[in-house]
Amino acid sequence: MTIMNTRQDAAPQVSFINDPVIRGIIYQVVAAVVLVVFFVWIINNTATNLAAQNKSTGFEFLWAPSGFDISFKVLEYSRSSSYFQTLLVGITNTLLVAFLGIIFATILGFTIGVARLSSNFIISSLATVYVETIRNIPLLLQLFFWYFAVLASMPAVRNSYELPLGSFINKRGIYIPRPTPDEQFAFVWIAIAIAIVAILALRFWAMRRLEATGKRFPVFFSSLGLLLVIVGGIWFFSGADLAFEVPTLQGLNFRGGVQLPPELVALLFGLSIYTASFIAEIVRAGIQAVSRGQTEAADSLGLRENDRLRLVIVPQAMRVIIPPLTSQYLNLTKNSSLGAAIGYPELFNVFGSTALNQSSRAIECISITMLVYLTFSLITSAIMNWYNARVSLVER
């Protein structure tokens, strides 16, 4: 006969207040109540203060005329435009500098990062000096340097420096030719889209062929040929024409072309060069994170140095590079708000400052500005996380 010792097998009894599950629930409920009370108090206090100052709240002001002009805009805008159009101009100006800045910073950062690992002493030393100098100087100070020390010291309009391809630079910014395609050029855009799809399909087929047979296909030259044949052929047979309106000096200013104001150029230079110094370190760390055995294995296969870097090292390093690279893209987008310090009409300068002062709707303008920056960051993170998932290792 077996005697069960039920007293020893039973779970030890704890008091209600010492139960970790109950205590966890209590802490969460208390934290939620405190948070709700805090926000209710903030909202009620704000509403009371606004009522005492005879100020109303709401978003109907977005459809009222703004009454001020914006020096640089991608969209059509005038003094009679509404505050909502002001918001759109600020968003497009921010997107423009963030998009171009990310492209330039990525190209420059990857180049400097690879150069830091070069066996050439001069190249690696120059890359090290660039990284250690640029990333340790505040971004705002660099923006002032580009705007006041470099672009402000340019000659007057009559003594402009002539750049290649019919471009000019002076105190008022950079003037570049404006492309003016005719109506038939729409066929060329369609041809470019078709060529891109064909190149992607060719690259996918070449990768599958390489994995199946080990035979390489000249993707670059084949893609270049596809692009020339498809786009060039349709361009020739459609009779499309693409002319360029070159800026010319007439009187006291240039006529024609596209003017890039010094505020945009200084902000773009500052953001790209500053962020590239951090991206360079991320690239260097990512490449060094790849096991030395991978390089030795590539050497044993007889791969050349360029192929070893392009086919073996960089694809594996990207899995380490992408997460911190995403943070740098987010930083660059948010740092574009520093353009207000040099007068570039980005989102915060236009809507979070000028529109706020004109309409006296501080809560609404600041809330919308914060929501737009949050949306930019979430979209950027979603795209980079999607790409990170595609290049990450698939474990079985």
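This is a predicted model: local features need pLDDT of at least 70, side-chain atom pairs count only at pLDDT 80 or more; totals for chains, interfaces and linings use all residues.

Modeller: Residues are numbered from 1 along each chain as its sequence is written, and side-chain values use heavy atoms, with hydrogens and water left out.

Biologist: What makes the chain more spread out than a compact globule?

Modeller: There are 12 helices and 8 strands in the chain, where helices (H or I, at least four residues) and strands (E, at least two) are DSSP runs numbered from the N terminus. The radius of gyration is 29 Å, well over the 21 Å that the globule rule gives for 396 residues, so the chain counts as more spread out than a compact globule. That radius is taken over C-alpha atoms, and the rule is 2.2 Å times the number of residues to the power 0.38. Along the principal axes, the C-alpha atoms fill a box of roughly 105 × 80 × 45 Å.

Biologist: How much of the chain is buried, and what does the word require?

Modeller: Buried means under 20% relative accessible area, exposed over 50%, and partly exposed in between, with a 1.4 Å probe and protein chains only. By that criterion, buried residues make up 34% of the 396 residues.

Biologist: Why is Leu 165 called exposed?

Modeller: Leu 165 has 77% relative accessibility, and therefore counts as exposed. This residue lies in the loop between β1 and β2, and has a positive phi of about 65° although it is not a glycine.

Biologist: Why is Ser 360 described as partly exposed?

Modeller: Because its relative accessible area is 45%, Ser 360 is classed as partly exposed. Ser 360 is found in the loop between α11 (347-359) and α12 (362-391), and its phi is also positive, at about 60°, although it is not a glycine.

Biologist: How do you know that β2 and β3 pair, and in which sheet do they sit?

Modeller: Two strands pair if DSSP finds at least two bridges between them, and 3 bridges join β2 (residues 167-170) to β3 (residues 173-176), which run antiparallel. The bridge partner of Asn 170 in β3 is Gly 173. The open sheet has 4 strands in the order β1-β2-β3-β8, with antiparallel pairing.

Biologist: What makes β1 and β8 edge strands?

Modeller: β1 (161-163) and β8 (258-260) each pair on one side only.
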